[in-house]
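This report describes selected local features of one protein chain. The sequence and the structure are shown first, and the description follows.

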Amino acid sequence: MFVDQVHVEVSGGRGGHGCISFRREKYVPRGGPDGGDGGDGGSVILVAKAGVNSLVALANKHHIKARSGNNGQGSGRHGAGADDLAIEVPPGTVVMDSTNGLVIKDLADGETVIAARGGKGGRGNTRFKSSTNQAPRQATEGQPGEVRQLTLELKVIADVGLIGLPNAGKSTLLSRVSAARPEIADYPFTTKYPNLGMVQLDLERTFVMADIPGLIEGASDGVGLGHDFLKHIERSGLLVHLVEPFPTDQTDPVENWKSIRKELAQYSESLGQRPEILVMSKCELPESDAVADDLAEASGEQVYKISAVTGKGLPPLLNRIVTQLKEERGECKQW
Ligand SMILES: Nc1nc2c(ncn2[C@@H]2O[C@H](COP(=O)(O)OP(=O)(O)OP(=O)(O)O)[C@@H](O)[C@H]2O)c(=O)[nH]1
Ligand SMILES: [Mg+2]
């Protein structure tokens, strides 16, 4: 499951209370105050960590609370402070205060932010001893932890969005070129949430590829699952459009390609004009070449013939993707 937005209440732990106590021992008359301080409460800390790739771990947690500090005790013993609670989130997570919508922090890899501070521990009665008050019956309570309502939003921007009809082979391609392990099956709508994969050609050339649920006619009006996820690929600079040569429902591949183009344009003008690399999948199948030629003729575009099963045609496709991304990004981002 892919989750890109969560609302959560975070609270720091309460500080432990200070203790009121007096030393009572045989042969030690009037032993004086010996109440210890309370320990500080733990803070909730968000940590951006590469490899965490969705907010799914937080999706069903409405409250996150760090532990409280321990109370102080007699014999001068201070209560232990509670450990901070570190929550891992993906890099690219934007932390916002839900009450006013203000951005608290846009977390890059390795960065942290204190989401809710723990309360300070109270002071024990030992601290109140003075020359004029040698037996203070006074201590302070631990302070409550900070409570905040947060919205976390994941802004992973895939460089490349994979689109196509259900069953076109999108997830299979992603699994072949990246470490992502999306579900693959020979029926439509296998993919229900976007999957992201990092494609690494060599040390310098990497990009993020998103596989979204298959689109169908009417997707731009909300038919099927595609609509929700068009917004994800809306952020990608480049589309890779997969067309399969022999759909099981006997539809015409060229018509299928056109209908998806139409949906994109209907969804938004900018998506309709997004650069697209055209790919025919499953090209180890006999006679797929002829279908690819038809598609090239109808579109006037180069059609990359690949097979995610045999690996045929993948290097030229990946090279083209990298070259085109470089062009789109201009000189500002180096590979
Ligand atoms: N012969 C052949 N079959 C393939 C190839 N790539 C994918 N398939 C098969 O096509 C079927 C659909 O593959 P998926 O990768 O699940 O397709 P998808 O586009 O992600 O489908 P949805 O998630 O349902 O939209 C599976 O049975 C795959 O094994 C290929 O290169 N050659
Ligand atoms: Mg799929």
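## Loop residues with positive phi

Gln250 sits in the loop that runs between strand 12 (238-243) and helix 3 (253-267). The model is a predicted one. With a relative accessibility of 70%, Gln250 is classed as exposed, because the cut-off for that class is over 50%. Most residues other than glycine have a negative phi.

Ser75 also has a positive phi, of about 60°, although Ser75 is not a glycine. Its place is the loop between strand 3 (63-65) and strand 4 (85-89). Ser75 has a relative accessible area of 57% and is therefore exposed.

## Salt bridges

Side chains of opposite charge can pair when their charged atoms come close. The count for this model comes to 10 salt bridges.

| Residue with nitrogen | Residue with oxygen | N to O distance |
|---|---|---|
| Arg127 | Asp37 | 2.3 Å |
| Lys120 | Asp40 | 3.3 Å |
| Arg261 | Glu276 | 2.4 Å |

Arg127 and Asp37 meet in a salt bridge through their side chains. This pair links distant parts of the chain: Arg127 belongs to the loop between strand 7 (112-116) and strand 8 (147-154), Asp37 belongs to the loop between strand 1 and strand 2, and the two residues are 90 residues apart. Arg127 is partly exposed, at 48% relative accessibility. Asp37, by contrast, is buried, because its relative accessible area of 11% falls under the 20% cut-off.

Lys120 and Asp40 are likewise joined by a salt bridge between their side chains. Lys120 is in the loop between strand 7 and strand 8 and Asp40 is in the loop between strand 1 and strand 2, so this pair ties together parts that lie 80 residues apart in sequence. Asp40 counts as partly exposed, with a relative accessible area of 34%.

Glu276 forms a salt bridge with Arg261, and the closest N and O atoms of that pair are 2.4 Å apart. Glu276 lies in strand 13 (residues 276-280) and Arg261 in helix 3, so the pair ties together parts 15 residues apart in sequence.

## Other residues of helix 3

Helix 3 also contains Glu263. The relative accessible area of Glu263 is 5%, so this residue is buried. The C-alpha atom of Glu263 is separated by 8.4 Å from that of Leu215, although the two are 48 residues apart along the chain.

Trp257 is another residue found in helix 3. Its relative accessibility is 11%, and Trp257 therefore counts as buried. Between Trp257 and Glu327 the C-alpha to C-alpha distance is 25 Å, and the sequence separation is 70 residues.

## Buried positions in loops

Gly18 lies in the loop between strand 1 (5-11) and strand 2 (44-48). With a relative accessible area of 16%, Gly18 is buried. Gly18 and Asn125 are 107 residues apart along the chain, while their C-alpha atoms are separated by 7.1 Å.

Ser178 is located in the loop between helix 1 (170-177) and strand 10 (195-200). A polar atom of the Ser178 side chain lies 2.9 Å from the backbone oxygen of Leu174.

## A negative surface patch

Which residues form the negative surface patch? The patch consists of Asp252, Asp293, Asp294 and Glu297. One of these residues, Asp294, is placed in helix 5 (residues 288-299). Asp294 has 46% relative accessibility and so counts as partly exposed.

Note on methods
Residues numbered from 1 in each chain as written. Chains lettered and ligands numbered in written order. Heavy atoms only, no water. Patch = residues over 30% accessible without salt bridge, like charges linked within 9 Å, V, L, I, M, F, W, Y side chains within 5 Å. Areas by Shrake-Rupley, 256 points an atom, 1.4 Å probe, with all protein chains shown as cover. Salt bridge = Lys/Arg side-chain N within 4 Å of Asp/Glu carboxyl O. Lys, Arg positive; Asp, Glu negative; His and termini not counted. Charge placed at Lys NZ, Arg CZ, Asp CG, Glu CD. Helix = DSSP H or I, 4+ residues; strand = E, 2+ residues; numbered from the N terminus. Buried < 20%, exposed > 50% of the residue type's maximum accessible area, 1.4 Å probe, protein only. Polar contact = N/O pair within 3.5 Å; in protein donor to acceptor, adjacent residues only side chain to side chain.
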